[in-house]
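Student: Could we go through the pockets and the aromatic rings of this one together?
Tutor: Gladly, let us look at the model first.

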Amino acid sequence: MTAHSHPSRPVILGQNQYGKAENRVVKITRDGGTHHIKDLNVSVALSGDLEEVHLSGSNAHCLPTDTTKNTVFAFAKEYGIESAEQFGIHLARHFVTSQEPIKQARIRIEEYAWDRIASSDSNSRFIGADEVNHSFVRKGQETRLTEITYDGEKWQVISGLKDLIVMNSTNSEFWGYIKDKYTTLKEAHDRILATEVSGRWRFNWTDDDQRMPNWERSYEQVKKHMLQAFAETYSLSLQQTLYQMGARVINNRSEIDEIRFSLPNKHHFLVDLEPFGLKNDNEVYYAADRPYGLIEATVLRDGVEARIPVDLTNL
């Protein structure tokens, strides 16, 4: 008899969670005429004593997902949004401590940044406007990420970013690799290195007795170290660059114990201009969108256990 039709083995409910995903909340803070924007996409996932809602359909332990949505918007007003992390921590604590059946909350947040539009010199301003401090342009760079998990005792905060596209137009080589009968790639001693950074980093803040990191400053600094390492590493492989980026963050930010990168190698191939009698001296490239090399690795503090999920890309 095959395993899946074995009569003596009952079906059981495995891991489960529910909540309202992708609540788009925009909070404007008015400091006189100067306005500040926090623009978040908040997903709530709750788990706990939820067997009956699945097995019998009893909703006695079910907080409606509509209520989790309302809570997100109410909390934006009640607590403001100091940082994505702080906001997620408020939400997670609320769901776990206010609802007996809910034992764990996971809050995932994407944050979209906005830049202030600088106003022109006074003589060309429209009538009635002094200093313009309420106009913004959405930043086209990266999306900031955070994931907060709370079980009533321990916190896990994994923050990060995605869609940060960077390029070195030189100081990158790739040669000395394995060559077999399927290898056609020519060795490169001066190539473009470009990638779209997707990174996640885990904080060592895990309980309320510890001093909480300054989330906003931490994000700025991690991004700074990551970009400086990318720029300053003379690269013999994207793997080497990845490791330097991670090591720079771990060495400079004591609040972070682990960082994982997923870096697609955005290939730039030299175009063959010989048919037109032109010499291509590392000047004209074809930017290929696929297939692409995908380089992934975790860099962690010595003695620390890795906890960031390995499969962030699904590729």
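**Pockets and rings**

Tutor: The second largest pocket has a volume of about 470 Å³, a pocket being an open set of points on a 1 Å grid over the protein atoms alone where a 1.4 Å probe fits, with protein on both sides within 12 Å along at least five of seven lines, and lining residues having an atom within 4 Å of a point. This is a predicted model, where local features need pLDDT of at least 70 and side-chain atom pairs pLDDT 80 or more, while totals for chains, interfaces and linings use all residues. Residues are numbered from 1 along each chain, and side-chain values use heavy atoms, without hydrogens and water.

Student: Which residues are closest to the centre of the second largest pocket?
Tutor: Of the 16 lining residues, Leu185, Lys186, Ala188, His268 and Phe269 are the closest to the centre.

Student: And how much space lies in the largest pocket?
Tutor: About 780 Å³, and among the residues closest to its centre are Lys162 and Arg200.

Student: Switching to rings, how many aromatic pairs are there?
Tutor: There are seven aromatic pairs, counted when ring centres of Phe, Tyr and Trp (its six-membered ring) lie within 6.5 Å, with planes under 30 degrees apart stacked, over 60 edge-to-face and the rest tilted. One of them joins Trp205 and Trp215, edge-to-face at 5.9 Å centre to centre and 85° between the planes.

Student: Is Trp205 buried or exposed?
Tutor: Trp205 counts as buried because its relative accessibility is 2%, where buried means under 20% relative accessible area, exposed over 50% and partly exposed in between (1.4 Å probe, protein chains only).

Definitions and conventions: Points joined across faces, edges and corners; volume = space filled by probe spheres on them.
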